[in-house]
Amino acid sequence: MRIGELAERTGVSTRSLRYYEQHGLLEARRGSNGYRQYSEEDVKLVSEIRALLAVGFTLEDTRPFVDCLRSGHSTGGSCAESVLVYERKLAQIDAEIRVLLARRTEVAAQLAQSCPGCFVRG
């Protein structure tokens with residue numbers, strides 16, 4: 001399939017697909033006419049990249065997942081390198097939650113001090 005069809009099937013712009021290619025996450029083959037050619041495997045790769053980006057992973061974070069799929073695994077998260085990225089991301093999210101909870105506590109305390117009768121939800 002050509003780049004436009006891959007874009008349509010995955011919901012990703014052709015510009016993004018070229019960007020993924022520039023970063024080595026997608027490898028287009030070239031037809032005799034010079035057009036980029038993609039396979040069904042590429043649909044799976046792009047879908048994996050898109051899903052990971054949607055939940056906050058960086059483009060570089062997606063690399064182990066793409067490599068895992070390319071090596072023949074049925075899911076991008078089933079390789080040890082991918083698991084490490086998952087674990088690192090969860091630790092990062094947990095740290096962000098702790099920061100947000102601390103900020104919330106501080107803001108609630110400031111509200112309580114400024115408005116003793118005000119109700120603080122949660």
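Me: Why does Asp-42 count as buried?

Reply: Asp-42 counts as buried because its relative accessibility is 3%, and buried means under 20% relative accessible area, with exposed over 50% and partly exposed in between (1.4 Å probe, protein chains only). This is a predicted model, in which local features need pLDDT of at least 70 and side-chain atom pairs count only at pLDDT 80 or more, whereas totals for chains, interfaces and linings use all residues. Residues are numbered from 1 along each chain as its sequence is written, and side-chain values use heavy atoms, with hydrogens and water left out.

Me: What is in contact with Asp-42, leaving aside its neighbours within four places in sequence?

Reply: Asp-42, which is found in helix H3 (residues 40-54), is in contact with Leu-6, Leu-26, Glu-27 and Arg-29 once those neighbours are left aside, where contact means heavy atoms within 4.5 Å. Helices (H or I, at least four residues) and strands (E, at least two) are DSSP runs, numbered from the N terminus.

Me: Which helix do the buried residues of H5 pack against?

Reply: The buried residues of H5 pack against helix H4 (63-70); Ser-82, Val-85, Lys-89 and Ala-108 are buried in H5. Helix H5 (residues 80-114) has 35 residues and reaches 51 Å from its first C-alpha to its last, close to the 51 Å expected at 1.5 Å a residue, the expected span being 1.5 Å times one less than the number of residues.

Me: What makes the link between Cys-68 and Cys-79 a disulfide?

Reply: The S to S distance of Cys-68 and Cys-79 is 2.1 Å, and a disulfide is a pair of cysteine sulfur atoms within 2.5 Å, so the pair meets the definition. The pair links distant parts of the chain, with Cys-68 in helix H4 and Cys-79 in the loop between H4 and H5, 11 residues apart. Both Cys-68 and Cys-79 are buried.

Me: Why is the disulfide of Cys-68 and Cys-79 called right-handed?

Reply: The torsion about the S-S bond of Cys-68 and Cys-79 is about 80°, and the disulfide is therefore right-handed. The structure holds two disulfides; a disulfide also joins Cys-115 to Cys-118, with S to S 1.7 Å, and with 65° about the S-S bond this link is right-handed too.

Me: How do you know that Cys-118 is partly exposed?

Reply: Cys-118 has a relative accessible area of 33%, and is therefore partly exposed. Cys-115 is likewise partly exposed, because its relative accessible area is 25%.

Me: Why is the pair of Phe-57 and Tyr-86 called edge-to-face?

Reply: By the ring-pair rule the count comes to three aromatic pairs. The rings of Phe-57 and Tyr-86 have their centres 6.1 Å apart and their planes at 75°, so the pair is edge-to-face: rings of Phe, Tyr and Trp (its six-membered ring) pair if their centres lie within 6.5 Å, and planes under 30 degrees apart count as stacked, over 60 as edge-to-face and the rest as tilted. Because Phe-57 lies in the loop between H3 and H4 and Tyr-86 in helix H5, the pair ties together parts that are 29 residues apart in sequence.

Me: Which residues do ring pairs link into a cluster?

Reply: Phe-57, Phe-65 and Tyr-86 are linked into a cluster by ring pairs. Phe-65 counts as buried at 0% relative accessibility, and Phe-57 is buried with a relative accessible area of 8%, whereas Tyr-86 is partly exposed with a relative accessible area of 35%.
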